[in-house]
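User: I am new to this model and would like a close look at its salt bridges and the parts of the chain they join. Please start from the structure shown here.

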Amino acid sequence: MTVGSQRFPFPRLFQMVDQLIRDRVITGKVIAQVGYTDYQSDNMDIHQFLQESEMKECIRNSDIIVTHAGIGTITQCLESGKKIIVVPRKRELGEHVDNHQIEIANVFRDKKLITVANSQQEIQTIIEHMDSIHLQNYVRPESELVLALKQYVDQL
């Protein structure tokens, strides 16, 4: 579970997952990168931040990743072929300055790349049905710069 490096706390996410652990919906080991969220739990291995290599290892060793709707986090998890449950931060709850994470999550969901949850019940339902949820494989699009460089090289 990760919330990136946003300076806004996101306790709602950790509280929901913590309750799902207590309810035995989540039974495996949970590693939580909490960022600027002040959260303590005996049910999770909590880290404020992880080095990039540590984060990659955690992603590689994960079955399911629960995360905020940060583009970098989502794409890193998708590139690792992981199933992702995205819980967007909400402005009205003080989790971000606006609701752009909802928009980001919807774009990825509409492309059938991720699942999106906005409540503990939705996270639970997704976890319980994850084996039957079919998501598209992610193919990272080439950047405009790379495409321009390829065109230039082809003209040489």
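Why does Arg 109 count as partly exposed?

Analyst: Arg 109 counts as partly exposed because its relative accessibility is 36%, and that class lies between buried (under 20% relative accessible area) and exposed (over 50%), using a 1.4 Å probe and protein chains only. The model is predicted, so local features need pLDDT of at least 70 and side-chain atom pairs pLDDT 80 or more, while totals for chains, interfaces and linings use all residues. Residues are numbered from 1 along each chain as its sequence is written, and side-chain values use heavy atoms, without hydrogens or water.

Arg 109 forms a salt bridge with Asp 110, with 3.1 Å between the closest N and O atoms; the term means a side-chain nitrogen of Lys or Arg within 4 Å of a carboxyl oxygen of Asp or Glu. Asp 110 is exposed, because its relative accessible area is 52%. The whole structure holds five salt bridges.

Another of them joins the side chains of Glu 52 and Lys 56, at 3.3 Å from N to O. Both residues belong to helix α2 (residues 52-60), four residues apart, or about one turn of the helix. Helices (H or I, at least four residues) and strands (E, at least two) are DSSP runs numbered from the N terminus. Glu 52 is exposed at 55% relative accessibility, whereas Lys 56 is partly exposed, with a relative accessible area of 41%.

A further salt bridge pairs Arg 12 with Glu 95, their closest N and O atoms being 2.7 Å apart. This pair links distant parts of the chain: Arg 12 is in helix α1, and Glu 95, 83 residues away, is in the loop between β4 and α4. Arg 12 and Glu 95 are both buried.

Helix α1 covers residues 11-22. Its buried residues include Leu 13, Phe 14, Val 17 and Ile 21. The buried residues of α1 pack against β1 (31-33), β3 and α5 (120-129), contact meaning heavy atoms within 4.5 Å. Just after α1, Arg 24 has a positive phi of about 65°.

The loop that carries Glu 95 also holds His 96, between β4 (83-86) and α4 (100-110). His 96 is buried, because its relative accessible area is 10%. Leaving aside residues up to four places away in sequence, His 96 touches Gln 6, Phe 8, Arg 89, Lys 90, Arg 91 and Gln 101.

Notes
The expected span of a helix is 1.5 Å times one less than its number of residues.
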